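Biologist: I would like to go through the labels attached to this structure and hear the grounds for each.

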Amino acid sequence: MDFFEVIEKRHSVRKFEDRPVEKELIDRIISVAETAPSSKNTKSSAFMVIEDKDTIAAISEMRDRGSAFVKDAPAVIAVLGDETKTDLWVDNCSISATFIQLAAVALDLGSCWVHVNGRPRISTDPAAGMAEDYLRNLLGVKDGLRIHCVIALGYPAEA
């Protein structure tokens with residue numbers, strides 16, 4: 001598939017087949033994401049691959065809107081930014097996340113971005129905390145790294 005076909009074919013996939021994504025494909029996607037451009041070549045993006053069903057189910061509960069479908073994804077990639085390297089970590093993460101999604105299409109996989117940074121857990125109750133804090137605790141993310149988004153990944157289910 002050439003570049004323009006990848007661009008035309010990319011769309012958000014929220015329903016996945018119940019089969020794992022091969023490690024070789026995930027490794028290839030992460031390798032592509034690591035080539036994404038970054039401000040002053042800071043390479044401030046990092047990636048966490050989650051394949052444990054229970055952890056993925058817990059990730060799907062990070063927000064009351066827009067994340068429930070994640071529970072059926074065979075894999076999730078958390079896109080993290082190192083805020084100690086640059087104040088442009090959000091921009092760098094966005095570029096990296098886009099590379100992940102385009103690589104997924106090129107490998108005949110589907111994906112969907114779920115925003116984390118700055119999003120509340122419960123949209124009508126600010127006291128419920130932030131999605132990022134919930135995920136930081138769940139995933140054991142170290143200080144200095146911020147979670148920008150998670151990307152649900154898998155083989156698209158037939159519609």
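Predicted model: local features only at pLDDT ≥ 70, side-chain atom pairs only at ≥ 80, totals over all residues.

**Grounds for the labels**

Modeller: Glu132 and Arg146 form a salt bridge, with their closest N and O atoms 2.8 Å apart.

Biologist: Why is the contact of Glu132 with Arg146 called a salt bridge?

Modeller: A salt bridge requires a side-chain nitrogen of Lys or Arg within 4 Å of a carboxyl oxygen of Asp or Glu. The closest N and O atoms of Arg146 and Glu132 are 2.8 Å apart, so the pair qualifies. Glu132 lies in helix α5 (residues 131-139) and Arg146 in strand β4 (residues 145-154), so the bridge ties together parts that are 14 residues apart in sequence. Helices (H or I, at least four residues) and strands (E, at least two) are DSSP runs, numbered from the N terminus.

Biologist: What makes Glu132 buried or exposed?

Modeller: Buried means under 20% relative accessible area, exposed over 50%, and partly exposed in between (1.4 Å probe, protein chains only). Glu132 has 6%, so it is buried. Arg146, at 23%, counts as partly exposed. Glu83, Glu132 and Arg146 are linked in a network of salt bridges.

Biologist: How do you know that Asp143 and Arg136 meet in a salt bridge?

Modeller: The N to O distance for Asp143 and Arg136 is 3.8 Å, and that is within the cut-off, so the term applies. Asp143 is exposed, with a relative accessible area of 73%, whereas Arg136 is buried, with 17%.

Biologist: Where do Asp72 and Lys71 stand?

Modeller: Their side chains meet in a salt bridge at 3.6 Å, N to O. Asp72 is partly exposed at 44%, and Lys71 is partly exposed at 43%. The structure holds seven salt bridges.

Biologist: What makes the sheet open, and which strands stand at its edges?

Modeller: Four strands form an open sheet in the order β1-β2-β4-β3, with antiparallel pairing. β1 (45-50) and β3 (110-115) stand at the edges, each with a single partner strand, so one side of each is left without a neighbour in the sheet. The twist averages 25 degrees from one strand to the next; axes are lines fitted to C-alpha atoms, for helices over the stretch in contact, and angles run from 0 to 180 degrees between N-to-C directions.

Biologist: Which residues of the largest nonpolar core touch the most other members?

Modeller: A nonpolar core is a set of buried Ala, Val, Leu, Ile, Met, Phe, Trp, Tyr and Cys residues joined through side-chain atoms within 4.5 Å. The largest has 23 residues, and Ile59, Val70 and Val150 touch the most other members. β4 gives the most to this core, with four residues.

Technical notes: Residues numbered from 1 in each chain as written. Heavy atoms only, no water. Pairing = 2+ DSSP bridges.
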